[in-house]
Amino acid sequence: MKHSVLKVFVYLSIVAIVGLLAGCKDEIFQVNDVVSDPGAFSKPLTLEGIVYAYAKGDTTIVGVMDKKELQCKTPNCNKALLAVKASGMRLNKGDEIKASGSIVKESWGYVLIADDVKVVTTHKIGA
């Protein structure tokens, strides 16, 4: 009897630890997950996307599109962009990035102020 109780206790402990560790993993959002309502994201987040455009007058702010947009090969694709501010880092068009930070509302719209940006890979975009 004691042996079976010990087995159940060990099993439940392992399940609980695995569950806690799985819950600690940060969710990574895609641009399309965020762009429709960026104001709904009040906590820090990690975002994946591809640099597609630059802000006029501020090269630290880039427009990031969803990775799914790479599948569109026609020139008429309407790409939803999310502004990402990556201070201290020059990002290039086509860079696939993973950016962590917080979304804030500016007078012109929402921007992800990135505390950490990593370039995962680079895609060839355009001609």
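These legends go with several close-up views of a predicted model.

The model is predicted, so local features need pLDDT of at least 70 and side-chain atom pairs count only at pLDDT 80 or more, while totals for chains, interfaces and linings use all residues. Residues are numbered from 1 along each chain as its sequence is written, and side-chain values use heavy atoms, with hydrogens and water left out.

**View 1. Lysine 67 and glutamate 48 pair up in a salt bridge.** The N to O distance here is 3.4 Å; a salt bridge means a side-chain nitrogen of Lys or Arg within 4 Å of a carboxyl oxygen of Asp or Glu. The two partners come from distant parts of the chain, 19 residues apart: glutamate 48 is in strand S2 (residues 45-55), and lysine 67 is in the loop between strand S3 (58-65) and strand S4 (81-85). Strands are DSSP runs of E, at least two residues long, and helices are runs of H or I with at least four, numbered from the N terminus. Glutamate 48 is buried at 12% relative accessibility, whereas lysine 67 is partly exposed at 29%. For those labels, buried is under 20% relative accessible area, exposed is over 50%, and partly exposed is in between (1.4 Å probe, protein chains only). Shared partners join Glu48, Lys67, Glu96 and Lys98 into one salt-bridge network.

**View 2. Glutamine 30 reaches the side chain of glutamate 48.** Glutamine 30 sits in strand S1 (residues 28-30), and its side chain makes a polar contact of 2.9 Å with the glutamate 48 side chain. A polar contact is a pair of N or O atoms within 3.5 Å; within protein, one must be able to donate a hydrogen and the other to accept it, and residues adjacent in sequence count only if both atoms are side-chain atoms. Leaving aside residues up to four places away in sequence, glutamine 30 touches Leu47, Glu48, Asp66 and Lys67, where contact means heavy atoms within 4.5 Å.

**View 3. S2 and S3 make a hairpin.** There are 2 residues between the strands, and glycine 57 in the turn has a positive phi of about 85°. S2 and S3 run antiparallel, joined by 5 bridges; strands count as paired if DSSP finds at least two bridges between them. Look for valine 51 opposite valine 64 in S3. S3 itself is mostly covered, with 6 of its 8 residues buried.

**View 4. S4 has S3 as an antiparallel partner and strand S6 (residues 109-122) as a parallel one.** The S3 to S4 pairing has 5 bridges, and one to find is methionine 65 with leucine 81 in S4.

**View 5. S5 and S6 form a hairpin with 2 residues between them.** Strand S5 (residues 95-106) runs antiparallel to S6, and 12 bridges join the two. Isoleucine 103 stands opposite leucine 112 in S6. Lysine 118 is partly exposed at 47%, as is aspartate 116 at 34%.
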